[in-house]
Amino acid sequence: MSRFTHLLPAALLALLLTAAPAGAIEKASIVLQWLPQAQFAGYYVAKDKGFYEEEGIYLHIMSGGPDVLASEYLETGRADFATLFLATGIQRRATLPLVNIGQFVQNSALMLICKKSSGIEKVEDLAGKKVGLWANEFQIQARALFKKRNMRVTVVPQSDSLDMFMRGGVQAASGMWYNEYHTLMTYGLKPEDLTTFFYTDYDLNFPEDGIYCLEKTANRRPELCRALVRATARGWMYAFNHPEEALDSVMKRMKEARVPASRAHQRWMLARMEDIILSDQVPSIGVLRQADYERVVKILEDVGVIDKAPLFPEFYRGPVR
Amino acid sequence: MEFSTTKKDGALVVAVEGRMDAITTTEFDAQSQTWLADGEKKVIADLSGLEYISSAGLRSILAAAKQLKGSGGQLVFCGLSGMVEEVFNVSGFAAMFTIHKTLDDALAG
Amino acid sequence: MKSLGIAAKLALFILSCVFVIVLAIVIYNYAYSREIILKQAEENSRLLALETTSRIDAVLSSVQKMANNIAFSLEDATLTREEILDLDRRVLANNPEIYGMAIAFEPYFLEKDKLFFAPYHYRSAGRIAFTMLGGPRYRYFYMDWYQIPKELGHSIWTEPYNDEGGGGVLMTTYAVPFYRTVDGRKVFAGVVTADVSLEWLKEMLQDIRIYRTGYAFLLSRHGTFVAHPDRNLVMNQTIFSLAEEVKSPALWRIGRNMLDGKSAFVELDNTVSEDERYLFYTGLEYGGWSLGVIFPKSEMLADVTRLSNVMSLIGLFGFALLALLIVTISRRITRPLSRLSKAALEIADGNLDLVLPETRCDDEVGRLTKSFRTMKFSLKEYIDNLTSTTAAKERIESELRIARDIQMGILPKLFPAFPDRTEFEIFASIEPAKEVGGDLYDFFFVDETHFCFLVGDVSGKGVPAAFFMAVTKTLLKVVSERGLNPGEVLSKVNSDLAAENESCMFVTLFLAIIDIETGDVQYANAGHNPPVYMPCGGAPEWIPPLGEPVAGIMDGMQYTTKSMKMNPGDIIFIYSDGVTEAMNPDKELYSDERLMRFMSDARGPFAPKLVKDLDASIKAFARGAEQSDDITMLAMQFMGKCKK
């Protein structure tokens, strides 16, 4: 009798476990590294279209911002997943055991922007000029570039506005192709008014947004990681194919977050995201290539940001192709 | 038919031209009544311009002559030729009236 | 068009003219009023914008002055920490338009051990609150309000921003760098800032209502909408992102001009906004901002449109009234005309007793009706006359016809007249002219062996001639039967006719008597055309005239009797002048010559055939010309022993 009474809950448990892949919803959370915008359209679309639920995930999306460090959320356990630049991920690996489970942005959108009127035509012309640079990981490529070219520039910490650049306080400003570049367009500048330097054009391509989690999460919940990347990839593809619907999702979140929102600007951003996510050099969406990883590691070591880096398989636990 | 009347040496010269038939003779009749009313004594009918005369025309001439004679006058003819002269001959008018060859002869006679 | 009635034509022409005139007035009025309104609108918008900008500039100007003064006083290096805090607080207290004020120093500048030194007084719940800015999370050295004046070396107005700490209030900050002399060198020491809430500005602009939907908006230095009735645009869009959204290069250009501080009054087409609008824009003196004032075109022109509509309506009403009037008047004119026209048709159909429509007035139509009435009466009178005249004429004509029938009836018409006689063949014909004429012929036996035949022609025409002819014929017959010779017969008949012949009528006669056994012929001629003698087988010849006058005018005239001999087959052809004087349409006579030629050409002639052939010849010659005289022919052929 007692044997059977012991067996009953176990049988029920077994029943539940076998049913799990079909019906059970697993809770998870992700923190995106910046305020809501089309940079994260794929996540919002996958959430709004129910792609995560279809993969068995109830995903809670948190927004980052100037006061939020996404990697800290992983560290403190406030989020299961976080999006980070590859360079940020590699740097944080030194102190935090995190792994990359999917790389979405293949090409660096980071660039330097100058006004044509300032007379700057090539990188060398920046020597001795005031250059606005953001903090931390946003400076690495610039410093690598200046070091490689053996140039000295006056670095001016750049705020999150382009006001200084507009007023001529700096001759060059940092910008993301999908964001600040177009912001200048909305200030009444035209592409022909500007000179641009993309880091990708100077062998400094840093793949950017990727999904990270702690190593233990990847070990314990590998299926969740794979599902998350799958659903996110699906979300991106849907967003690229239905841009206006995707923009609805983005605009809704921007308004909720009381972030200045211009649909034209977000439309530009989404289009650029498509350019840098669907890179023709990468076999499929969400994959980190070893060559890219190793190039970034080398540059980080050259600039002196890191001493050593983990081997690629230790760092990358995402899809292979 | 056309008439033209002129006074010459106390005689009334009536020049008749065209055709004198049953229809046109009424004009001649009317014309002759005016001579009678004017009391003409000697009337010379110059028929040199007359192309044709019918029996009705002859009757008108006859009636005029008779009436003129009754009032003591005289109707003489001149300038007959061709068909008109022949008719005058056939009908015996040539024998009944005084006929001159020319107008001058008639004025003299 | 041609088939339209007078009323319709009149209405069409007049109304077309009136329509054009009314249209021209309305269009001119609209265009002219529109121009005036536009001019006024431009003037008003300029005034409105200038007033608004000067109000804004006044506030900004006072803030600027205040901040500049503080920056100037901070260059005094002797100020203590407390004095600085006090200054900051007092300025805020005395300047209600300032929302918050900070005096931010360079790192380790005022107090060597402190990275941050930035006292900040601000309004909170009606009181003045205080905090020290700066910390690891708020490194103010890198904020625009600090960094830009520092880098540029002059004061600035920051781009407006939503202040999260201040409850989402729209703010802008005036930041002035200040300097101190350290070791004989002028070095950058920090920044004084004065925060100005732009809520009053938003309210002020919101109060600007132009017509119903017109409004004012404010652009920041980079084109961001600072104030606009559409909340979605404020702080979210720039004029350029809006231009990109609505795909309007025109709006983009306007944005550029506005940011360049220009002023203009421009028309916006409906690619920029949902309806057509006018925009006046002008730059502000401070902050690099610019103000735009939108005039909704349709509302601006609403009064003009209403006026035009009312004018059109009045025009339309007048138009309808005029149309009614024209139709009524022209109906009044044309109704009697159409009645008259109907009456005229009826009169034409013969109803002369028709009563014509009455007309009361003495206008053209009245006079026409009167003329019509007169015409009707004249017509009626004329037709009555004509009817009686025609009746009289017809009676006369029928009487004449009867007279003619009687006249023809007394002539022997039956041929062959003597079928049992082989000694001779006689044939005669008379073709009467339209008018009653006086031709006659006759033939009869005087005794057993003597046969008399004659042809006569009474002068003149008509009933007198017919009577004269009948008398002549009767007399001839009576006289001939007494056994007298032809000359004696004519002499006797002449005497009888001449007695009491006041009308001077006369008759020409040819009368012959033949002894049908011997062929001896005796004849007399009273002024008749010479007959033709056709000896059998020989050439025809005239029977020469005797020059004896016509019968009936000379009483006591004695006619001669002539004799001749007819051989068997010989023909004597007697005719009236109707034969030789038959005329064709060219007024040519058949003539003696043509007659003689016909006679010569007749081969082996036979009396009836001769007459019929000659008749045919005359008809052929006349070619249908009207016959003016009777055509009478008589052919007497002596046969004797000659076979018929």
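Which elements of chain A do the buried residues of H2(A) pack against? They pack against helix H3 (51-54), strand E2 (57-62), helix H10 (222-241), helix H11 (243-256) and helix H12 (263-277) of chain A. Helices (H or I, at least four residues) and strands (E, at least two) are DSSP runs, numbered from the N terminus. The model is predicted: local features need pLDDT of at least 70, side-chain atom pairs count only at pLDDT 80 or more, and totals for chains, interfaces and linings use all residues. Residues are numbered from 1 along each chain as its sequence is written, while chains are lettered from A and ligands numbered from 1 in the order in which they are written.

Stay with helix H2 (residues 41-48) of chain A. Seven of its eight residues are buried, so the helix is largely enclosed by the rest of the structure. A residue is buried if 20 or more other C-beta atoms lie within 10 Å of its own, exposed if 12 or fewer, and partly exposed in between, with C-beta atoms placed from the backbone. The buried residues of H2(A) are A:Ala41, A:Gly42, A:Tyr43, A:Tyr44, A:Val45, A:Ala46 and A:Lys47. After the helix comes A:Gly50, with a positive phi near 80 degrees.

A:Ala41 also figures in the largest nonpolar core. This core has 172 residues, and A:Ala41, A:Ala82, A:Tyr212 and A:Leu228 touch the most other members. A nonpolar core is a set of buried Ala, Val, Leu, Ile, Met, Phe, Trp, Tyr and Cys residues joined through C-beta atoms within 7 Å. Its largest share, ten residues, comes from helix H1 (residues 6-74) of chain C. Look next at A:Ala82. Leaving aside neighbours within four places in sequence, A:Ala82 is in contact with A:Ile30, A:Val31, A:Gln33, A:Ala70, A:Ser71, A:Tyr73, A:Leu74 and A:Tyr212. Two residues are in contact if their C-beta atoms, placed from the backbone, lie within 7 Å. A second, separate core of 100 residues includes B:Ala45, C:Val436, C:Ala526 and C:Met599.

Helix H13 (residues 290-303) of chain A makes a contrast to follow on the model. At 1.5 Å a residue, its 14 residues should span 20 Å, and the end C-alpha atoms are 20 Å apart, which agrees. The expected span is 1.5 Å times one less than the number of residues. In H13(A), A:Asp292, A:Tyr293, A:Val296, A:Val297, A:Ile299 and A:Leu300 are buried. They cover an arc of only 165 degrees around the axis, which puts them on the same side of H13(A). The arc is that of the directions from the helix axis to the C-beta atoms. On the other side, A:Ala291 and A:Lys298 are exposed. The cover over the buried residues includes helix H5 (86-93), helix H6 (137-149) and helix H14 (312-315) of chain A. A:Gly304 follows H13(A), and its phi is positive, near 90 degrees.

Now a strand. Five of the five residues of strand E8 (residues 172-176) of chain A are buried, so E8(A) is largely enclosed by the rest of the structure. Both faces are covered: A:Ala172, A:Ser174 and A:Met176 lie on one side, A:Ala173 and A:Gly175 on the other. E8(A) pairs with strand E5 (residues 110-115) of chain A in the antiparallel sense over five bridges. Two strands pair if DSSP finds at least two bridges between them. A:Met111 stands opposite A:Gly175.

Turn to chain B. It has five helices and five strands, in the sequence pattern β-β-α-β-α-β-α-α-β-α. Of its 109 residues, 39% count as buried. The five strands form an open sheet in the order E1-E2-E3-E4-E5 (chain B), with mixed pairing. Strand E1 (2-8) and strand E5 (99-100) of chain B stand at the edges, each with a single partner strand, so one side of each is left without a neighbour in the sheet. Strand E4 (residues 74-78) of chain B pairs with E5(B) in the parallel sense over two bridges. There, B:Phe77 stands opposite B:Ile99.

Chain B also meets chain C: 17 residues of chain B are in contact with 19 residues of chain C. Helix H2 (55-70), helix H3 (82-90) and helix H4 (93-96) of chain B each supply at least two residues of the side that touches chain C. H2(B) gives the largest share, seven residues.
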